[in-house]
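Reader: I am new to this structure and would like to learn how to read it. Could you take me through it one feature at a time?

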Amino acid sequence: MKKAYDFVFVYEVKNRELENDCLIACELEKRGYSVGFVETWAQQFWHRKALPAKVAVGFAMYNENVLHFIASYVTDCSKFVNMQWEQVISNGARERSDDREDSSIGIVGKAQNARHIAWGENTVSALTKKYGVPKEHIRVTGHVSLDFFRDNLRRYFLPREEILKKYNIKKEKKIVLFISSFATVGAPAIVKNDKLYQSMFVEKVDAYEDISVKSQRTVLDWFVRYLAKNKDKAVVYRPHPAEAKNPYIYEIAKRNERFYVIDDYSIKQWILISDFILTWVSTSIAEIYSSGKNCGILRPYEIPYEFDIEIYNGAKMIQDFEGMESLLNSSYMDRSFPIDEAVFSRYYSIESKPSYIRISDFLEEIYKDESYSLNAEVIKVSDVRRVLSNVKQYFIHCMVRIPILRKLILERIFHKDGDEMMQNYRYTKNMIKKNDSSKQEIESIKGRIRKLL
């Protein structure tokens, strides 16, 4: 029988969530609680038994389906907390007035019965006024990711010299970090057809992909030109965690010895060791701001208002190569931040008490108070349904990998697009590789954090 944990963190994207979850876990363990971790991608290929838990802490709980998805990773659990990792979204998605079940920003239906973490008052206002989430179900805690830029926790990250040595980057080079948000470029159908994903772009994923493809190509061309003229610089292209492998980018890396494509480590690690930071539309601009560093926003093509991220409204943009070159060759500390400070205060609650402490206080309160328990019917997940889902996934992936079965069974009998399913299969395999973590890796992260608390 598996050990029953007081808290189980169900995470999806390792580089976005795991360090943050481990920081909270260290605080909870310091208070005497037991904490487990489970990652969701691996279950796409094989069945992983659910962990017994008193409280489940999930990455997102938009609606009943997602709540049940999180619940499928735990047993004997009646208390659910939504970390809600996506709280800064597009203007179009924010301005929609409906309460659909497939919204990626609202919390509707039975999912409202869970408890929800809010980074700031902007999130509280949206959830209560627009979606009717009871205010008592929401707790403002700030964004735990920003805690890592507090003085004591900065020492968690690896030193610059160690990172550069690992990737054979000459230490005398100035590092230009580009934070990519081109998640739709080359994305398989499994991503683009997802209703939650579509709702982020007001169901115009293809139009958003078009502007992404053009912008990515142009920005990459700028980097090639810049490196040719500036031998003292190296560019690190950091893919979005959900970005598909794009052969074009890796070809550029092969032809340019000072251009690197690296998706290892969290974006916080790269922010702290880079000399210059550039982005397109990444929400990690909040981490850049909290680090005390500056950045430039590259916009070779204007992003339509409905697609743009709300915190970028009114920001200063770089629209051409000359603007980027001028920025990178100027005195870095003399430049003002491209987004007004008042914007961040609306989205992120920053207090003297760190967010990980505020979240741990809330989790401990939930653990001790039975009034936070949800009705069993709200979260019940059928064991039969869980097993059948895994059998279906396993069957499909077996068919996809064997060409003759793909042709005879998937295409002729089930009339599925074999090439499309193969693309989905490869994408899922890549996401598993990027996001699954061993117990040793998690303990290593927690061990480094414990030394600093």
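**Reading the sheet and its helices**

Author: In strand β9, the bridge partner of F178 is Y237. The model is a predicted one.

Reader: What sense do the bridges between β8 and β9 have, parallel or antiparallel?

Author: The general idea is that strands of a sheet pair through backbone hydrogen bonds, in either a parallel or an antiparallel way. Here, β8 (residues 174-179) and β9 (residues 233-238) run parallel and are joined by 6 bridges.

Reader: Which strand pairs with β8 over 4 bridges?

Author: That is β11 (residues 276-279), again in the parallel sense. V176 stands opposite F276 of β11, and I179 stands opposite T279 of β11.

Reader: What is the order of the strands in the sheet?

Author: The sheet is open and has 5 strands, in the order β10-β9-β8-β11-β12, with parallel pairing. β10 (259-261) and β12 (296-297) are the edge strands, each pairing on one side only.

Reader: Which helices pack on this sheet?

Author: One of them is α9, which touches β9 and β10. The direction of α9 makes about 140° with that of β10. Another is α12 (residues 321-328), which touches β8, β9, β11 and β12. The direction of α12 makes about 155° with that of β11.

Reader: Is β8 mostly covered or mostly open?

Author: β8 is mostly covered, as 5 of its 6 residues are buried. For the protein chain, buried residues make up 58% of the 453 residues.

Reader: How should I read two helices that pack on each other?

Author: Two packed helices are described by the angle between their axes and the distance between the axes. Take α8 (residues 205-229) and α9 (residues 247-255): their axes come within 12 Å and cross at roughly 0°. Angles under 35 degrees count as roughly parallel, and α8 and α9 are therefore roughly parallel to each other.

Reader: Which residues make the contact between α8 and α9?

Author: On α8 they are Q216, R217, L220, D221 and V224, and on α9 they are Y248, I249 and I252. Sorted by class, this contact has 5 nonpolar, 1 polar and 2 charged residues.

Reader: Now the backbone. What should I look for in phi?

Author: Most residues other than glycine have a negative phi. Q84 is not a glycine, yet its phi is positive, about 50°. Y265 also has a positive phi, near 70°, and is a residue other than glycine.

Reader: Where are Q84 and Y265 found?

Author: Q84 is in the loop between β5 (79-82) and α3 (91-95). Y265 is in the loop between β10 and α10 (267-273).

Reader: Is Q84 buried or exposed? And how does Y265 count?

Author: Q84 has a relative accessible area of 4% and is buried. Y265, at 25% relative accessibility, counts as partly exposed. The cut-off for buried is under 20%.

Reader: How many helices and strands does the protein chain have?

Author: The secondary structure comes to 19 helices and 12 strands. Among contacts in the chain with a separation of 6 or more, 75% are between residues 24 or more positions apart.

Reader: What is the accessible surface of the protein chain?

Author: The accessible surface comes to about 20,300 Å², and 51% of that belongs to carbon and sulfur atoms.

How values were computed. Residues are numbered from 1 along each chain as its sequence is written. This is a predicted model: local features need pLDDT of at least 70, side-chain atom pairs count only at pLDDT 80 or more; totals for chains, interfaces and linings use all residues. Side-chain values use heavy atoms; hydrogens and water are left out. Axes are lines fitted to C-alpha atoms, for helices over the stretch in contact, and angles run from 0 to 180 degrees between N-to-C directions. Helices (H or I, at least four residues) and strands (E, at least two) are DSSP runs, numbered from the N terminus. Angles under 35 degrees count as roughly parallel, over 145 as roughly antiparallel, 65 to 115 as roughly perpendicular and the rest as oblique. Contact means heavy atoms within 4.5 Å. Ala, Val, Leu, Ile, Met, Phe, Trp, Tyr, Cys and Pro count as nonpolar, Asp, Glu, Lys and Arg as charged, and the others, Gly among them, as polar. Buried means under 20% relative accessible area, exposed over 50%, partly exposed in between (1.4 Å probe, protein chains only). Accessible areas come from the Shrake-Rupley method with a 1.4 Å probe; for residues, only the protein chains shown count as cover. Two strands pair if DSSP finds at least two bridges between them.
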